Amino acid sequence: MIISREDIEKILTMEETINEMEMAFKNLSLGKVIMPVRSNIPLKKYNGIIYYMPAYIEENDALAVKVVSVHSENYKYNLPTTQATILLNEAKTGRLLAIMEGGYITAMRTGAASGVATKYLAKKNAKTAGIFGAGIQARTQLWALTKVRDIERAYVYDVKKDVMEKYAEEMSKKLGIDVKPVTDPKKLVEESEIICTATTSKTPVFNGEWLVEGTHINGIGAHTPDARELDTITIKRSKIVVDSYEACLKEAGELIIPINEGEITKEKIYAELGEIIAGLKSGRINDEEITLFKSVGLAVQDAATALKVYEKALENRIGKEVKL
Ligand SMILES: NC(=O)c1ccc[n+]([C@@H]2O[C@H](COP(=O)([O-])OP(=O)(O)OC[C@H]3O[C@@H](n4cnc5c(N)ncnc54)[C@H](O)[C@@H]3O)[C@@H](O)[C@H]2O)c1
């Protein structure tokens, strides 16, 4: 079955994607998934990278591989930064069940992962959000936050003014909340109880000294050892929860750079998100701590979402059957 982006947009909800992420992260931390660390091919001369991401989740037999590219100069060609395709296989026989567009799934599952992290780590009564970056991921980040907290007001900052103004207008309408563009990143940090960084920046997007006690941060944009959206001060001040120890210690510049500089050790990482979901470790314990969810993105997130999309496509009789 071929499942297009248009089809997926019709059938996949943010609520169910959040539920799938809880299941996927929990199984990962309980050792019930098979997920080799993804392979990548850097395409430095094009300012791009391509990842090959396989995973199998025993609980629901989700078996898939995603091929995803991230090219930060694609705006020049009128193409999205992040593009992806997913192959879903049947675990029992290995037969191919579906080929589906993966860009929308990537954005939904990345937003949903921050949603889950925010549910466990942000202050219960948090009402304000601040988003760095006004691109594709930034949209699903804010959308997911509104599903787990009663967000009343949001701020957005992007280096491109027209892009952040468009984001503010579009997201205010979509979510029915007040979304304001800001030109001063310090104001965003000081006014937001929950911050998401969803940019293509390779250097820190704000100064960790500006952070107010009790803030929760979802850092999702950077995913190579030499790139980071968050500075060492933010890392030192935060209780750090990662999507995967193994993946973050291989790919997250936010952690790798301060470890290599001797500023922190890997023991500074408090937990994997799945350990908190499974009840093995506590989430936020008071209103003062600064919490950080660092995500580089995992194949289990795609496998879980792809299976859900396939099941819903069958239910709703959409998608196109082809003989290869
Ligand atoms: N963790 C994950 O699972 C995951 C999943 C998908 C994408 N990503 C990453 O998220 C990042 C964003 O992806 P996207 O698809 O939304 O890209 P995008 O190009 O649609 O949006 C990125 C935005 O960041 C802005 N930006 C760049 N530097 C900035 C800065 N210093 N301050 C504020 N804004 C800045 C750009 O102007 C752009 O509008 C990419 O690096 C991508 O690889 C991570």
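Modeller: The shell around the ligand draws on both parts of the protein, with at least three residues from each of domain 1 (2–105 + 300–315) and domain 2 (114–298). Those domain bounds come from an automatic or database domain assignment. This is a predicted model, where local features need pLDDT of at least 70 and side-chain atom pairs count only at pLDDT 80 or more, while totals for chains, interfaces and linings use all residues. Residues are numbered from 1 along each chain as its sequence is written.

Colleague: How many residues surround the ligand, and which are the closest?
Modeller: There are 28, and the closest are Thr81, Gly135, Gln137, Ser201 and Gly297.

Colleague: How does the shell divide into nonpolar, polar and charged?
Modeller: Twelve nonpolar, 14 polar and two charged. Here Ala, Val, Leu, Ile, Met, Phe, Trp, Tyr, Cys and Pro count as nonpolar, Asp, Glu, Lys and Arg as charged, and the others, Gly among them, as polar.

Colleague: Back to the domains. How far apart do their C-alpha centres lie?
Modeller: 22 Å.

Colleague: And how many residues are in contact?
Modeller: 19 residues of domain 1 are in contact with 21 of domain 2. Contact needs C-beta atoms, placed from the backbone, within 7 Å.

Colleague: What supplies the domain 1 side?
Modeller: α2 (14–29) and α11 (299–315) each give at least two residues. α2 gives the most, with nine. By class, that side has eleven nonpolar, five polar and three charged residues.

Colleague: New topic. What is phi at Asp61?
Modeller: Near 60°, a positive value in a residue other than glycine. Asp61 sits in the loop between β4 (48–57) and β5 (62–71).

Colleague: Why does Asp61 count as partly exposed?
Modeller: Because it has 13 C-beta neighbours inside 10 Å. The cut-offs are 20 or more other C-beta atoms within 10 Å for buried, 12 or fewer for exposed, and partly exposed in between, with C-beta atoms placed from the backbone.

Colleague: What about Arg317?
Modeller: Arg317 is not a glycine either, and its phi is positive, about 50°. Arg317 is in the segment after α11. Arg317 counts as exposed because it has 6 C-beta neighbours inside 10 Å.

Terms used:
Two residues are in contact if their C-beta atoms, placed from the backbone, lie within 7 Å. Helices (H or I, at least four residues) and strands (E, at least two) are DSSP runs, numbered from the N terminus. A residue is near a molecule or strand if its C-beta atom, placed from the backbone, lies within 6 Å of it.
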